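Student: Can we go through this model together? I'd like to talk about charged pairs and then the ligand.

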Amino acid sequence: MLTEELTAKGVTLVAVSKTKPASDIQDLYNLGQRDFGENYVQELVEKQPVLPADIRWHYIGHLQSNKVKYIAPYVYLIHAVDSFKLLEEINRQAAKHNRTIKVLLQLHIADEETKHGMDERGITELMEYYEAQKDSLQNIEICGLMGMATFTDDEAQVRAEFARLNNCFKHMKASYFIGKSHFDTCSMGMSGDYHIAIEEGSTMVRIGSMLFGARNYPA
Ligand SMILES: *Cc1c(COP(=O)(O)O)cnc(C)c1O
C-alpha cells in the first residue's frame, strides 16, 4: 500500500482532495490519514467546517493575497508562496488569529509557463527581504520548498527538474537555515511522478488521482 511505502521512507503523504466531496475525505480520515491538500479557497472554506478539526489542511494551489484571510484561521501549511508580498499578508493574517502558519516557497522547475513559482534568483531576493524583516514576521515559519515538474513522459527531464529543486532546498538549508530543524520539507511528487521525486529527495508528496480516482474536471 502507498501509505506503508511512504511511511517506511519517511515521506509525508498529502492526500489531494480537490474537487472531491467531504465524504471521500472522511473515508480516508477514518483510515488514519490526517494531511489533506486543496487548491481552491472556496472549496476549502466549504469543506473545513464539516470535517474533523484535527485535519492538517495544506493549501497547494496558487494563492492570491486577498484570499489569505479566508483560510488563515486553520490552514496548516501553504505550499506555493511565490512573492514577498504574499508572505507578508500570510504573516498579517496569522497574527490576527494569534497563530503561526507554515509556508513553503515555490521554485519554478517546469518547462511550462502555466506553472507558478520563482526561479533561484527570485528565491534569493525573497530571502533577503525576509532576513531584513524577520523580526516583524514572527507569525510565519518557512519550512522548505515546493515544486511541480513538467507534465511529460520524459523521465530524465522530470528527474533533472526534481534534482534542481532538491539542490536549491539543500543550498537554503546550508545557508539561511543552518541548525533550524523546522526547515525540513521538500514538497515534490504527484500521482504520476512521485517515485522519481522520492528518489530525488522528496520529503512530502502530494497525491490526488491515485488515491481518489480521476477528477471530473481538470484542476
Ligand atoms: C492536483 C495537484 C496535485 C495532485 O495531482 P495528482 O496527479 O492527482 O496526484 C499535486 N500538487 C498540486 C499543486 C496539484 O494542484
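Student: Is Glu141 buried, exposed or partly exposed?
Tutor: Glu141 is partly exposed, at 24% relative accessible area. Buried means under 20%, exposed over 50%, and partly exposed in between, with a 1.4 Å probe and protein chains only.

Student: What should I know about the model itself?
Tutor: This is a predicted model, where local features need pLDDT of at least 70, side-chain atom pairs count only at pLDDT 80 or more, and totals for chains, interfaces and linings use all residues. Residues are numbered from 1 along each chain as its sequence is written, and side-chain values use heavy atoms, with hydrogens and water left out.

Student: Which side chain does Glu141 meet in a salt bridge?
Tutor: Lys102, at 3.2 Å from N to O. A salt bridge here is a side-chain nitrogen of Lys or Arg within 4 Å of a carboxyl oxygen of Asp or Glu. The pair links distant parts of the chain, 39 residues apart: Glu141 sits in strand E6 (residues 140-146) and Lys102 in strand E5 (residues 101-106). Strands are DSSP runs of at least two residues, numbered from the N terminus.

Student: And Lys102, buried or exposed or in between?
Tutor: Lys102 is partly exposed, at 23% relative accessibility.

Student: What about Lys47 and Glu38, how far apart are N and O there?
Tutor: Their side chains form a salt bridge with 2.8 Å from N to O. Lys47 counts as buried at 7% relative accessibility, and Glu38 is buried at 0%.

Student: How many salt bridges are there in the whole structure?
Tutor: A search finds 13. Among them is Lys134 with Glu131, at 3.5 Å from N to O. Lys134 is partly exposed at 32%, as is Glu131 at 33%.

Student: Which residues are linked in a network of salt bridges?
Tutor: Glu155, Arg159, Glu199 and Glu200.

Student: On to the ligand. How many residues surround it?
Tutor: 13, the closest being Lys18, Ser191, Gly208, Ser209 and Arg215.

Student: How much of the ligand's accessible area does the protein cover?
Tutor: 91% of the 390 Å² that the ligand has on its own, using the Shrake-Rupley method with a 1.4 Å probe.

Key
A residue is near a molecule or strand if one of its heavy atoms lies within 4 Å of it. Helices (H or I, at least four residues) and strands (E, at least two) are DSSP runs, numbered from the N terminus.
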